[in-house]
Amino acid sequence: MSLHLELGSAIEAAFGDDLDSPVEQKQDAMIVRLKNGVTLDVRYAAADAYSLRWVYGDVESGIDTAPLHRGLATFPHHFHDASGRIVADPITRPDASPQDNLHRLIHALIADPMFGARDIA
């Protein structure tokens, strides 16, 4: 079973009441739509190589592991906030499983759909 299929099943089991629709599987991604209006695009190339992007209204933010920002304490993990800043990743952890990282992010987005639009410096 592919990682996206496993993650989709785990999300539906853990967050079923918070989902607007079933997790949508794409060729190389999955789309998670929350009842609070957040749409999350999840792309895992490997357990430690991912892109997690979300939209809430006009607000777009994301976390990924592209090895581009060596000066950050969480390198290669980094956070793109809604203002375009690239800062240390406040959610995912390199020693956590993909499921744990994704669950941590979904919990944050359920608690605050504007996560990423607020100043987190």
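Predicted model: local features only at pLDDT ≥ 70, side-chain atom pairs only at ≥ 80, totals over all residues.
**Entry 1: helix α1.** I began with α1, which covers residues 3-15 and so counts 13 residues. From its first C-alpha to its last I found 18 Å, close to the 18 Å expected at 1.5 Å a residue. I then listed its buried residues: H4, L7, G8, A10, I11 and F15. Looking down the axis of α1, I saw that these buried residues fall within an arc of 165°, so they line one face of the helix. Next I looked up what covers them, and the cover includes β1 (24-25), β2 (30-33), β3 (39-46) and α2 (98-111).

**Entry 2: the sheet.** I turned to the strands. Which order do the seven strands of the open sheet have? I read it as β1-β2-β3-β4-β5-β6-β7, with antiparallel pairing. The edge strands are β1 and β7 (86-88), and each pairs on one side only. I noted in general that strands of a sheet pair through backbone hydrogen bonds, either parallel or antiparallel. For β1 and β2, which run antiparallel, I found two bridges joining them. I looked up E24 and found that its bridge partner in β2 is I31.

**Entry 3: helices on the sheet.** Helix α1 packs on the sheet and touches β1, β2 and β3. I noted an angle of about 140° between the direction of α1 and that of β3. Helix α2 also packs on the sheet, where it touches β2, β3, β4 and β5 (59-64). The direction of α2 makes about 165° with that of β3.

**Entry 4: the core.** I looked for the largest nonpolar core and found that it has 25 residues. Which residues have the most contacts inside this core? They are I11, L40, W54 and L102. The elements giving two or more residues to the core are α1, β2, β3, β4 (49-56) and α2. The largest share, five residues, comes from α2. Leaving out residues up to four places away in sequence, L102 touches L7, I11, M30, L40, V42 and L52. Two of these, L7 and I11, are also on my list of buried residues of α1.

**Entry 5: R70.** Last, I looked up R70, which sits in the loop between β5 and β6 (78-80). Is R70 buried or exposed? Its relative accessible area is 63%, and exposed means over 50%, so R70 counts as exposed. I also checked R70 against S9: the two are 61 residues apart in sequence. In space, I found 34 Å between R70 and S9, C-alpha to C-alpha.

Terms used
Residues numbered from 1 in each chain as written. Heavy atoms only, no water. Helix = DSSP H or I, 4+ residues; strand = E, 2+ residues; numbered from the N terminus. Expected span 1.5 Å × (residues − 1). Buried < 20%, exposed > 50% of the residue type's maximum accessible area, 1.4 Å probe, protein only. Arc of directions from axis to C-beta. Contact = heavy atoms within 4.5 Å. Core = buried A, V, L, I, M, F, W, Y, C linked by side-chain atoms within 4.5 Å. Pairing = 2+ DSSP bridges. Axes fitted to C-alpha atoms, helices over the stretch in contact; angles between N-to-C directions.
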